[in-house]
Amino acid sequence: MGRSLFVAVGISGLVLGVVPAGPATGTGAGLTAVAASTWQTDASVLGLAVAKGKAYVGGRFLAVRPPGATAGTHETRRTYLAAFNQSTGALDAGMNHVLNGIVWAVVASADGSRVYVGGDFTRVDGQVRNRIAAFDTATGALVASIAPRVSYRVKALAIGGTSLYFGGSFGLVNGVTRNRAAAISTVTGALLPWNPNADNDVYAIDAADDNSKVYLGGTFAKVGGTSRWAVASVSNSTGALLPFAAASAVPLPSNGCTSRVKDIETSGGRVYFANAGDGWGCFDGTWAADVATGNLVWKSTCLGATEAVTIVNGWLFKGSHAHSCPGTFSDGSGTHFLLLQNPANGALGPWFPNTNAGPPTSVGPLVSASGGSDLWVGGDFTKVNDVGQQGLTRFTNLGSGAAPLGPALPTLSSPATGQVKATVQASLDNDDVRLTYRLLRGATNTVVATTTASSAFWSRPTVTLTDTTAPTRTTQSYRIEVSDGSHAVRGGYSTITVR
């Protein structure tokens, strides 16, 4: 990872804006592609939130283990909920509660004093908590006042002002009809009048930063009795539908395509959506809308279901299993589970770590969250950057980042007296796109030419360097050095007789 900033590099489909440097590095992405050390889980992570120096993690897991430990070894029991140190990734021993069911969602209050969890559970430490519970982040204690009686699964949580909005598959809250979306007071725990009345499951929910409106995503076809497929904007007080022209970004279901919203992220005046589609070529991408007007800003039609989106350092990071992005890369380049996008236009940015996908969904990343200068990712993966790491990983802006791929042997020619031309395919770097190439001559590695070039996994141009001072009628050896500003990697030698 280099320390330079990037502006409009010349790769088709790649638009990079200037982004402020982090404390230790200054790539366009703001985060390294090298995963930081983090504990693991023994099953999928489904919910994440970062607050007060800790990452709170919920899911299907029953145990956690240190980084590097293989499955089934060095395990510590944690039933569906755990916390980890935000700086070190180590298990937080003080957050140890016994839940009797899966946690599907985790959210932190704006001041970080509480975390709220939702899921399938009905007991926490033996106390009745019907699918929603809250914990004090200072003490780890269960909050007594937050104990609504939710009749079935809670899948999504969001905070707006003093309201906790939640969605899922339920039909009753405290014995009152609330079809798949409801809200309680974070002060008293009382059920609020907010009642969007969705006719099918709500998978995602988020409030605008100013709590002026709330967004819902899922598989519903109606909200409040009015047709609204998969996404809706509603009043923050009543749940009544609001105009939202951008909803047209999601195609209506057909025999060959059902696309639904899986995650929502609001940031300033924009709201970002993640879609997953069933059916070949069905909309799987991301899109952005203007909070004030409700108009569509951009739509990215990458294929491969998008499950999670999070804004970090001015970039939109996404977890998906993208295998094709029209105008950028096509099928054949593999599956790219972690990518980032320019939030201004949706174009891909310079950050290319990867995971795999494991059971039970075989999707990969399912959820993400940030503490401000980091990115935590959870899901059903078992590897990160081809190294064993199950369920949970994190990326920071610390360290020197990824090193470039070592260059191949250069192809040499001598087009004129005293000249040697070297060509080589551009290298790759998981968190840089603009790299510096040097042509080195002889055992002394004398630098005889330097150039820069941009590359990404979908576009690897040929780099040409020319030695104009080569000794005539001699045999010389050359190799290529590629650098990102923090790492310099050298390839092997090729030999030629100079004209």
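A: Gladly. For sorting lining residues into classes, Ala, Val, Leu, Ile, Met, Phe, Trp, Tyr, Cys and Pro count as nonpolar, Asp, Glu, Lys and Arg as charged, and the others, including Gly, as polar. Keep in mind that this is a predicted model.

Q: With those classes, how does the lining of the largest cavity divide?

A: Six of its residues are nonpolar, two are polar and one is charged. The residues themselves are A308, F317, K318, G319, L338, P365, S368, L375 and V377.

Q: How is such a space found, and how many cavities of 30 Å³ or more are there?

A: The general idea is that rolling a probe the size of a water molecule over the atoms shows where empty space is left. Here the count comes to one cavity of 30 Å³ or more, and the largest cavity holds about 40 Å³ of space.

Q: Which strands each supply at least two residues of that lining?

A: They are β27 (315-322), β29 (365-369) and β30 (374-379). The largest share, three residues, comes from β27.

Q: What about the second largest pocket: how many residues line it?

A: The second largest pocket has a lining of 15 residues, and those nearest its centre are H336, F352, L428, N430 and F457. By class, eight of the lining residues are nonpolar, six are polar and one is charged. The space in this pocket is about 260 Å³.

Q: Let's turn to covalent links. How many disulfides does the structure hold?

A: The structure holds two. In one of them, the sulfur atoms of C257 and C282 are 1.9 Å apart. The torsion about this S-S bond is about 65 degrees, so the disulfide of C257 and C282 is right-handed. C257 lies in the loop between β21 (231-235) and β22 (258-267), and C282 in the loop between β23 (270-278) and β24 (286-290), so the pair ties together parts that are 25 residues apart in sequence.

Q: Are C257 and C282 buried or exposed?

A: Both C257 and C282 are buried.

Q: Which cysteines does the other disulfide join?

A: This disulfide joins C302 to C325, with an S to S distance of 1.8 Å. Its torsion is about 110 degrees, so the disulfide of C302 and C325 is right-handed. The pair links distant parts of the chain, 23 residues apart: C302 is in the loop between β25 (296-300) and β26 (306-312), and C325 in the loop between β27 and β28 (336-341). Buried means under 20% relative accessible area. C302 has 4%, so C302 is buried, and C325 has 2%, so C325 is buried. With the bonded cysteines numbered in sequence order, the pairing is 1-2, 3-4.

Q: How should I read aromatic pairs?

A: A pair of aromatic rings is described by the distance of the centres and the angle of the planes. A search of the whole structure finds 15 aromatic pairs. In the pair of Y165 and W194, the ring centres are 4.7 Å apart and the planes are at 65 degrees, so the pair is edge-to-face. It links distant parts of the chain, with Y165 in strand β13 (residues 163-168) and W194 in the loop between β16 (181-185) and β17 (202-207), 29 residues apart. Both Y165 and W194 are buried.

Q: Which residues form an aromatic cluster, and which ring does K299 sit over?

A: Y215, F244, F273 and W287 form one aromatic cluster. The charged end of K299 sits over the ring of F283, 4.4 Å from its centre. K262 lies over the face of Y203, 5.7 Å from the ring centre.

Key
Residues are numbered from 1 along each chain as its sequence is written. This is a predicted model: local features need pLDDT of at least 70, side-chain atom pairs count only at pLDDT 80 or more; totals for chains, interfaces and linings use all residues. Side-chain values use heavy atoms; hydrogens and water are left out. On a 1 Å grid over the protein atoms alone, a cavity is a set of points where a 1.4 Å probe fits but cannot get out, and a pocket is an open set with protein on both sides within 12 Å along at least five of seven lines; lining residues have an atom within 4 Å of a point. Grid points are joined across faces, edges and corners, and a volume is the space filled by probe spheres set on the points. Helices (H or I, at least four residues) and strands (E, at least two) are DSSP runs, numbered from the N terminus. A disulfide is a pair of cysteine sulfur atoms within 2.5 Å. Buried means under 20% relative accessible area, exposed over 50%, partly exposed in between (1.4 Å probe, protein chains only). Rings of Phe, Tyr and Trp (its six-membered ring) pair if their centres lie within 6.5 Å; planes under 30 degrees apart count as stacked, over 60 as edge-to-face and the rest as tilted. A charge sits over a ring if NZ of Lys or CZ of Arg is within 6 Å of the ring centre and within 35 degrees of the ring normal.
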